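Please keep the sequence and the coordinates in view while reading.

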Amino acid sequence: MKKKRSRRKQGVSLIGLAETFALMNVVTQTMFKTNPIQFLTGDNAAMTAAGTANISLKELFRANQHSSGADAYSTMNVIKKNVQNQWVNGAIQMVLIPVGFRLAKGVSRNAISRTNRLLNKSGIGSTVKL
């Protein structure tokens, strides 16, 4: 019986993280009209100036997003309105961002390989790669 080969752990890809963050930004902009950091932290100073269409993670658990007199908007209605207003832009970006990253990686393959080799020689190549 053959011994099972143990695989070396792959490092965290910085380019992959950048692509993931860009796609996360598209989703939060389309649905919640905010960036991922403001969505997670609930930075209300930046969000309240832009109006009630901005939603943070904390506000997802509230029943109403905005209430002034008879005007009360449920959080789901605000998300629905945001998606209806921005779905085309979000869909285009969700397609173009991965294509752009794939093209950029193909064009800069030599530089990426050299950088990864340097990272391996410095000893952090098993943790971080480009």
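**Helix packing in the model**

Lys33 has a relative accessible area of 34% and therefore counts as partly exposed, a class that lies between buried (under 20% relative accessible area) and exposed (over 50%), computed with a 1.4 Å probe on protein chains only. Lys33 sits in the loop between H1 and H2. Its phi is positive, near 55 degrees, although the residue is not a glycine. The model is a predicted one, in which local features need pLDDT of at least 70 and side-chain atom pairs count only at pLDDT 80 or more, whereas totals for chains, interfaces and linings use all residues. Residues are numbered from 1 along each chain as its sequence is written, and side-chain values use heavy atoms, with hydrogens and water left out.

The protein chain contains five helices and four strands. Along the sequence they follow the pattern β-α-α-α-β-β-α-α-β. Of the 130 residues in the protein chain, 25% count as buried. Among contacts (heavy atoms within 4.5 Å) between residues at least 6 apart in sequence, 44% join residues at least 24 apart.

Lys33 follows directly on H1. The 19 residues of H1 should span 27 Å at 1.5 Å a residue, which agrees with the 26 Å between its end C-alpha atoms; the expected span is 1.5 Å times one less than the number of residues. Buried residues of H1 are Ile15, Glu19, Ala22, Val26, Thr28, Thr30 and Phe32. Their cover includes strand S1 (12-13), helix H2 (36-41), H4 and H5.

How is the packing of two helices described? The angle between their axes and the distance between the axes are used. For H1 and H4, the angle is about 165 degrees and the axes are 6 Å apart. Here axes are lines fitted to C-alpha atoms, for helices over the stretch in contact, and angles run from 0 to 180 degrees between N-to-C directions. H1 and H4 are therefore roughly antiparallel to each other, a label for angles over 145 degrees; those under 35 count as roughly parallel, 65 to 115 as roughly perpendicular and the rest as oblique. On the H1 side, the residues that meet H4 include Ile15, Ala22, Val26 and Phe32. Their counterparts in H4 include Ile79, Trp87, Gly90, Met94 and Phe101.

Asn89 also belongs to helix H4. With 46% relative accessibility, Asn89 counts as partly exposed. Although Asn89 and Thr30 are 59 residues apart in sequence, their C-alpha atoms are 7.9 Å apart in space.

Helix H5 (residues 109-122) comprises 14 residues and reaches 20 Å from its first C-alpha to its last, close to the 20 Å expected. Which residues of H5 are buried? They are Ile112, Asn116 and Leu119. Seen down the axis of H5, the buried residues fall within an arc of 60 degrees, so they line one face of the helix; the arc is that of the directions from the helix axis to the C-beta atoms. Asn110, Leu118 and Lys121 are exposed on the other side of H5. The buried residues of H5 pack against helix H1 (14-32), helix H4 (75-107) and strand S4 (128-129). Gly123 follows H5, with a positive phi near 100 degrees.

Conventions:
Helices (H or I, at least four residues) and strands (E, at least two) are DSSP runs, numbered from the N terminus.
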